[in-house]
Amino acid sequence: MESCKLKNFKYQGVIHIHSLKSDGSGDIETISKAAQKAGLSWIIITDHNHFDTKEGIYNGIYVIKGEEISPKSENHYIALGINKQIEPNENPQIYIDNVRKQNGIGFAAHPDEFTRRKNNYPPINWNKDLIPDGVEIWNWFSCWGDKLNSKNIFTLAFSYLFKHRLISKAPQKSLQWWDELNSKKQAIIPAIGGVDAHALKVKKCFLPFTIFPYKSMFKTINNVITLKEPLSENFEIAKEQILNAIRSGNNTIINRHIHNKIPNIEIGNSIKSAHSGEILNLDKTTYLKVEVNKKALIKVILDGRELYECVAKKCNLLLTQIGKYRVEILINNKGFAYSNPIVVI
Ligand SMILES: [Zn+2]
Ligand SMILES: [Zn+2]
């Protein structure tokens, strides 16, 4: 039997970035330079209620625009693949529908953040009765904000100096909700990870400085998309490749601060193999393979229930059930990687 295990191409990028157009501090030139230094291939700028960033290739980085639709209270929505700005509304169903009308895809932003931000866009939380197209399962800034204890000056100083230590795992509540949404549909409800980078400038201190500069944020939560062909040099074609991968769930979310080697996660049989966002038939040879390059806790989740876990650098598991499989990888009890589901039928 002829095997068709094709070569894949992986590209790291960052989603959920704010520029000067909303509450971030950098322009596209600054942000793309930081992305280049962080070793990324692509970024998606998502300013609050704003959609006139000029897309293109800057400093070798594919810069795509999206919008973080942000009503005055709650339900921020990361809209990607849209053509024109979508107004926020106190009824979120209206903008969820408007994203779909433009053939875009929307992700419930920071759905479980519980600290109210002190800025012009106080979110927070997502109304779980609403059905988004996708979920931002991990948001760096939300996790940091929720852990921050500003009552104690030492804790506060620690939180700024050792900010990455506050980031532990993707919130369990968000993962659970994402699994529930996936269980209701045959198609994959995709997940993304966001950094929510603002590079806020603090001017009132004795020395002006930038909190969470873009470059340092870009080395945290990345989205690794997997493509069948290399990214095109033509921006418009590459943009479609990137957005299609995100839309299909051909994307694994990693925290580079924990480990900087892309894990290999696939389900295969004697004929072919499938990665995040793909479908494969179950037969007697169907296996799941995870390779991490470092000792890790590898968890296999089937239809929202934990099926298997092991502590190892790699694992191979023979599969006997159909369903949606996803993988979580933890290193030293911190979240490192979260795959999108692979569907076995
Ligand atoms: Zn937000
Ligand atoms: Zn944001």
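**Strand pairing, core and domain contact**

Trainee: Which residue in β6 stands opposite Ile78?

Mentor: Phe107 in β6 stands opposite Ile78. Strands here are DSSP runs of E, at least two residues, and helices are runs of H or I, at least four, numbered from the N terminus.

Trainee: What are we looking at, and how is it numbered?

Mentor: This is a predicted model, where local features need pLDDT of at least 70 and side-chain atom pairs pLDDT 80 or more, while totals for chains, interfaces and linings use all residues. Residues are numbered from 1 along each chain as its sequence is written, with chains lettered from A and ligands numbered from 1 in the order in which they are written.

Trainee: Back to β5. In what sense does it pair with β6?

Mentor: Antiparallel, over four bridges, with β6 covering residues 105-108. Pairing takes at least two DSSP bridges between the strands. β5 also pairs with β4 (residues 61-69) in the antiparallel sense, over three bridges, and there Tyr77 is the bridge partner of Ile69.

Trainee: Are the faces of β5 covered or open?

Mentor: Both faces of β5 (residues 77-80) are covered. Tyr77 and Ala79 are buried on one side, Ile78 and Leu80 on the other. Buried means 20 or more other C-beta atoms within 10 Å of the residue's own, placed from the backbone; exposed is 12 or fewer, and partly exposed lies in between.

Trainee: How much of the protein is buried?

Mentor: 46% of the 345 residues.

Trainee: New topic. Which residues touch the most others in the largest nonpolar core?

Mentor: Ala35, Ile43, Val135, Ile137, Val195, Phe218 and Ile253, out of 86 residues. Such a core joins buried Ala, Val, Leu, Ile, Met, Phe, Trp, Tyr and Cys through C-beta atoms within 7 Å. Strand β16 (residues 287-302) gives the largest share of this core, seven residues.

Trainee: How far apart are the domain centres?

Mentor: 25 Å, taken over C-alpha atoms. The contact takes 21 residues from domain 1 and 16 residues from domain 2; a contact is two C-beta atoms, placed from the backbone, within 7 Å. On the domain 1 side, β7 (134-139), α5 (172-184) and β12 (251-255) each supply at least two residues, and β12 gives the most, with five.

Trainee: What does Ile137 contact?

Mentor: Leaving aside neighbours within four places in sequence, its contacts include Trp178, Ile253 and Tyr338.

Key:
Domain bounds come from an automatic or database domain assignment.
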